Amino acid sequence: MKFEELGLSQPLLKAIEDKGYTEPSEVQKKSIPLLLDGKDVLAQSQTGTGKTAAFGLPLLSKLETYNGKDIKGLILCPTRELAIQVSQELKDYGKYMPNIKVATSFGGQPINVQIKDIRRGANIIVATPGRLLDHINRKTIKLKSCDYLVLDEADEMLNMGFIDDIKEVLTHIDSKSQMTFFSATMPKAILDLSESFLKKPQMVKLSQKS
Ligand code: AMP
């Protein structure tokens, strides 16, 4: 299968070509069509499988014609390192989409730097849960227009004790928004969380060899 067959827009295909990817990985083949179709997805996928592109490319594709300055997509990550990495990857994929602005927010960096970044008109936020709540409380991040949420490394976020923070973030997002959880493992806590928040989730599992 080729990336062209997944229904992604031309600017994304060009950026993927620049990256040197020749074909979509298994998690990309299985998740991208579902996410482009507006489905909620629960995907079991580890680091190194291409999961960032699997949830990132459909979000960027949905924002192809968006020119506003509201936050439309939110990616929650357990650590600052992952948030920075995901953010950079989204910027790389969106490099031919001048309307796309990605902002990154995590603890340990002065909040004013992040506020400035958000006020440039960010339409995608990649954040760790604690700092995101800080922004929400300061009203420097408003999620009322956010219609695409990703929990990246969801099991890791629960292991790190972020469950209450995540539940609180989710109360600020319209329940009709598209939501997807990517998790390396599927403990009961993740299944419970998906039952509470995902709408008729499509399950994506990878074959053993990948
Ligand atoms: P991830 O699982 O998102 O951490 O991705 C692992 C690495 O695989 C990243 O460095 C990506 O740039 C790379 N990658 C993602 N998708 C593909 C693909 N279809 N072909 C080759 N490399 C890829």
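**Ligand shell and aromatic pairs**

In this predicted model, a backbone N or O atom of Gly48 lies 2.8 Å from an oxygen atom of the ligand, a polar contact (a pair of N or O atoms within 3.5 Å). Local features need pLDDT of at least 70, side-chain atom pairs count only at pLDDT 80 or more, and totals for chains, interfaces and linings use all residues. Residues are numbered from 1 along each chain as its sequence is written, and side-chain values use heavy atoms, leaving out hydrogens and water.

- For Lys51, a backbone N or O atom lies 3.2 Å from an oxygen atom of the ligand.
- Taken alone, the ligand exposes 500 Å², of which the protein buries 71% (Shrake-Rupley method, 1.4 Å probe).
- Around the ligand there are 13 residues (a heavy atom within 4 Å); Tyr21, Gln28, Gly48, Gly50 and Thr52 come nearest.

**Aromatic rings**
- The count comes to three aromatic pairs (ring centres within 6.5 Å; planes under 30 degrees apart are stacked, over 60 edge-to-face, the rest tilted).
- Tyr21 and Tyr93 form an edge-to-face pair, 6.3 Å centre to centre with 65° between the planes.
- This pair links distant parts of the chain, 72 residues apart: Tyr21 lies in the loop between helix H1 (10–19) and helix H2 (26–36), and Tyr93 in helix H4 (residues 80–93).
- Tyr21 is partly exposed at 31% relative accessible area, whereas Tyr93 is buried at 1% (buried is under 20%, exposed over 50%, partly exposed in between; 1.4 Å probe, protein chains only).
- Ring pairs link Phe3, Tyr21 and Tyr93 into a cluster.

Methods
A polar contact is a pair of N or O atoms within 3.5 Å; within protein, one must be able to donate a hydrogen and the other to accept it, and residues adjacent in sequence count only if both atoms are side-chain atoms. Rings of Phe, Tyr and Trp (its six-membered ring) pair if their centres lie within 6.5 Å; planes under 30 degrees apart count as stacked, over 60 as edge-to-face and the rest as tilted. Helices (H or I, at least four residues) and strands (E, at least two) are DSSP runs, numbered from the N terminus.
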